[in-house]
Amino acid sequence: MKPALAKLFERLGKSMVGDYRAMHPQRNPVVSLRNNAKKLGRVIRQYSFLSKHAVPFLENSNRVLRKNGWRSLAEQIEENIAEERGKAQEAAHYEIFCRGAKNELALDLKRTRASDASKAFVKRWLEISRHARPEFVAGALYAFELTGVPEMSLVKALLNDYSTHALGRPLDRKGRLAKFFDSHTGHFEVKHAQRIRDNVGAHLNTKAQHGLFAKGFHELMGAMDGWWAGMAAEAARTGVKKKP
Ligand SMILES: [Fe+2]
Ligand SMILES: [Fe+2]
């Protein structure tokens, strides 16, 4: 890998937890709600919209890569998509997540309606994936895959807190829901981000292209930060009666 590109990845990796709160295990804004089952349940239900729209996001992005002839990266993103769709597993990842949440936590994610914060996030997120420039889209793809590990570690901890407070027992560490999260933090997301690092270099040659890649990365990080702050604010209002 060229040194300039290696430096760019290093900078973005530091920025993910240094400049943004969403992926920070303590500074994420919902962490303060961890002891409240009702509020936490609301956050978990809203979080499922990321899982629900992951494949459309990846597919839109891939279309931009293909259209611009970014074949070597597109082939890798297609692998990521196949895995999200449950290649060699019993179902798509979103389905496995929904089943696990229903069976182990009695949370019906499919019957959840998107909140204002989630609607705004999904709209922005999918807009990003339809951006005209492949460098920008690739940067957003990298943010999506790089956040996979810290995000799913955080959410697994939230699921455990929810289980503890709502059901009186911790999340079954050997259950399917825990294993689903572990398979992501230990395997899928590590590989997904690595595939981008290994293949985007073939397409990024100029300083301006590096800049656009970083721009796409920061754009999605900013959208995620806003979403988590919005989810925390919405959940904090849960159960608080409006003044007449
Ligand atoms: Fe997945
Ligand atoms: Fe991924």
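## Alanine 106

Alanine 106 sits in the loop between H4 and H5, and its phi is near 55 degrees, a positive value in a residue other than glycine.

This is a predicted model, in which local features need pLDDT of at least 70 and side-chain atom pairs count only at pLDDT 80 or more, while totals for chains, interfaces and linings use all residues. Residues are numbered from 1 along each chain as its sequence is written.

## Overall fold

The protein has nine helices and zero strands, where helices (H or I, at least four residues) and strands (E, at least two) are DSSP runs numbered from the N terminus. The C-alpha trace spans about 55 × 45 × 30 Å along its principal axes, and 39% of the 244 residues count as buried.

The radius of gyration is 18 Å, which agrees with the value near 18 Å that a compact globule of 244 residues would have; the radius is taken over C-alpha atoms, and the globule rule is 2.2 Å times the number of residues to the power 0.38.

## Packing of H2 and H4

The axes of H2 (residues 37-67) and H4 (residues 93-105) come within 8 Å and cross at roughly 155 degrees, with axes being lines fitted to C-alpha atoms, for helices over the stretch in contact, and angles running from 0 to 180 degrees between N-to-C directions. H2 and H4 are therefore roughly antiparallel to each other, a term for angles over 145 degrees.

At this contact, Ser48, Ser51 and Lys52 of H2 meet His93, Tyr94 and Phe97 of H4, contact being counted if C-beta atoms, placed from the backbone, lie within 7 Å.

## Nonpolar core

The largest nonpolar core has 65 residues, of which Val43, Ala140, Leu158 and Leu220 touch the most other members; such a core is a set of buried Ala, Val, Leu, Ile, Met, Phe, Trp, Tyr and Cys residues joined through C-beta atoms within 7 Å. H9 gives the most to this core, with 12 residues.

Leaving aside neighbours within four places in sequence, leucine 158 is in contact with Val30, Arg34, Leu40, Val43 and Ile44.

Definitions and conventions. Chains lettered and ligands numbered in written order. Parallel < 35°, antiparallel > 145°, perpendicular 65-115°, else oblique. Contact = placed C-beta atoms within 7 Å. Buried ≥ 20, exposed ≤ 12 C-beta atoms within 10 Å, placed from the backbone.
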